[in-house]
Amino acid sequence: MLENRIRREDLKGKVVSAEEAAMLIKDGMTVATSGFTPSGYPKAVPLALAKRAEAGDKVGITLLTGASVGDELDGALSRAGVIKRRFPYQTHNDTRNGINAGSIAYQDMHLSHLPQYMSYGFFGKIDVAIVEALAITEDGGIIPTTSVGISPTALKLADKVIIEINTSQPMQLEGMHDIYIPENPPFRKPIPIEHSGHRVGTTYMPCDPSKIAAIVVTDMPDKVRPLGPIDEDSKAISNHIIEFLEHEVKMGRLPKNLLPLQSGVGSVANAVLGGLVTGPFTDLTCYTEVIQDSMLDLIDAGKVTVASGTAITPSSEGQVKLYQNIDKYAKHILLRPQEISNNPEVARRIGVLSMNTAIEIDMYGHVNSTNIMGSRMMNGLGGSGDYTRNAYISFYTTVSVAKDGDISSIVPMVSHVDHTEHDVMVVVTEQGLADLRGTSPTERARLIIDKCAHPDYRPMLNDYFERAMSGKLKHEPHLIGEALSWHQRFLDTGSMKVK
């Protein structure tokens, strides 16, 4: 089996145990790994590193990954106290707790920025790259598995490289990747992608074979996350978006097969795409970061011709379907580095329709997608900003209430701003859709309250808005202290409602 996995003869002598490979990582190092939400991430070496720390070795690292990764990496290293600094996105509870407790220094970043910031030297030297691979070519090229993420940049910059050959990943993944690495300014050229299915690179990641210090053979599958069921609220959100898109086609602002779709991560985003399976649109294309279950369903339904992303992140059920039908899906899926999948230049050129989720949205259209009540980090910005500012049309979705109705997702002022009113075009909840294009702030406020807020909170929001409008300043009026008191009220009483 390894003959087809390690095709370069002089590298076969580099096969070692995970424990031996983990000894290459020293205290204070910066380590960059493969992995993206959470697929294609290294598992055996991080687990061995965590055991070292648990046994008393002093080892603390700065960890860079494409996005979120699984328990074997973020979880194990967080529990062992190995992660001291973390970039740029995470979803693991142990890592999140460390960030919020202050034991892990964390910077939330746009995902398209991370690889180029690495290349610019903004993070200093990359000491070690740990990359999960399907195989190594005769020339030393590394074939990724279910994600690409920052791996090409990590391989290029790292002093030493550790490769985890994962035999649980099917060889049919080979050929699914399109690896293109931009030059640094002032030598950077336009990225020559003109449509979602345009191939512009190689099917492997270049790597200097002399830097490969260790190869570890594993058979550990990705620990994929479950996706919530498509509930009535999600169906309603999806239906509002489909109705809006039908209207845009009728008005001549979109072609019949729309423009390339981008959808964020998680159950609501997956459900929104799921509505298109039985929707009226065909011959669809996608230019996104994560390919989830609904994307596979759209391919099965003959609705999507090409899906470009940087990772395949199905549920456990979706993973079974993916592997059982990998030959079919491989004809439709392209996996690129996140610097390309999330690139603003490409997103604007091909005109993506971006659909991302929010924690809360205020009545003027500002979006908080990262911090609960303004100060507790949830996951991070992810790629949403990469697409939002450069989209042909940008959508933000959320259910109108949380915590069994004790929290309104529509508020006078968000407790943390990730996306400004200038970039958010359409807001959607299960209650309705607010088209904010061409509107003033006060017009946006009326639309969002009337169309998107839950009926239980509309009177409170309208009362706030009318009192704010009674002052001398009418453009985007606020009662600052009272706006912030919405969040304080929940912290004090457990509900935003006035009792």
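Predicted model: local features only at pLDDT ≥ 70, side-chain atom pairs only at ≥ 80, totals over all residues.
Helices, taken as H or I runs of at least four residues, and strands, taken as E runs of at least two, are DSSP assignments numbered from the N terminus. An unreviewed UniProt entry annotates residues 318-464 as "domain: Acetyl-CoA hydrolase/transferase C-terminal".

The largest nonpolar core comprises 68 residues, and those with the most contacts inside it are M118, I142, I163, L245, L261, I333 and F395. Helix α8, which runs over residues 232-250, gives the most to this core, with five residues. At least three residues of the core come from each of domain 1 (9-218) and domain 2 (232-493). For I142, when neighbours within four places in sequence are left aside, the contacts are V131, A133, A135, I136, L155, I163, Y204, M205, C207 and I212. Apart from this core lies another, of 38 residues, including A48, L77, A80 and V128.

Helix α8 was also considered on its own. After α8 comes G252, which has a positive phi, near 80 degrees.

Q262 is placed in strand β10, which covers residues 261-263, and counts as buried because its relative accessibility of 0% falls under the 20% limit. Leaving out residues up to four places away in sequence, Q262 touches Y287, T288, L353, S354, M355, N356 and Y387. Although Q262 and G309 are separated by 47 residues in sequence, their C-alpha atoms are 9.1 Å apart in space.

S495 is found in the segment after α18 (480-493), and with a relative accessible area of 0% this residue is likewise buried. Its contacts, neighbours within four places in sequence being set aside, are D406, Y457, R489 and F490. With D406 the side chain of S495 also forms a side-chain polar contact of 3.4 Å.

Conventions: Residues numbered from 1 in each chain as written. Heavy atoms only, no water. Core = buried A, V, L, I, M, F, W, Y, C linked by side-chain atoms within 4.5 Å. Buried < 20%, exposed > 50% of the residue type's maximum accessible area, 1.4 Å probe, protein only. Domains from an automatic or database assignment. Contact = heavy atoms within 4.5 Å. Polar contact = N/O pair within 3.5 Å; in protein donor to acceptor, adjacent residues only side chain to side chain. UniProt positions renumbered as here; feature names shortened; annotations may be inferred.
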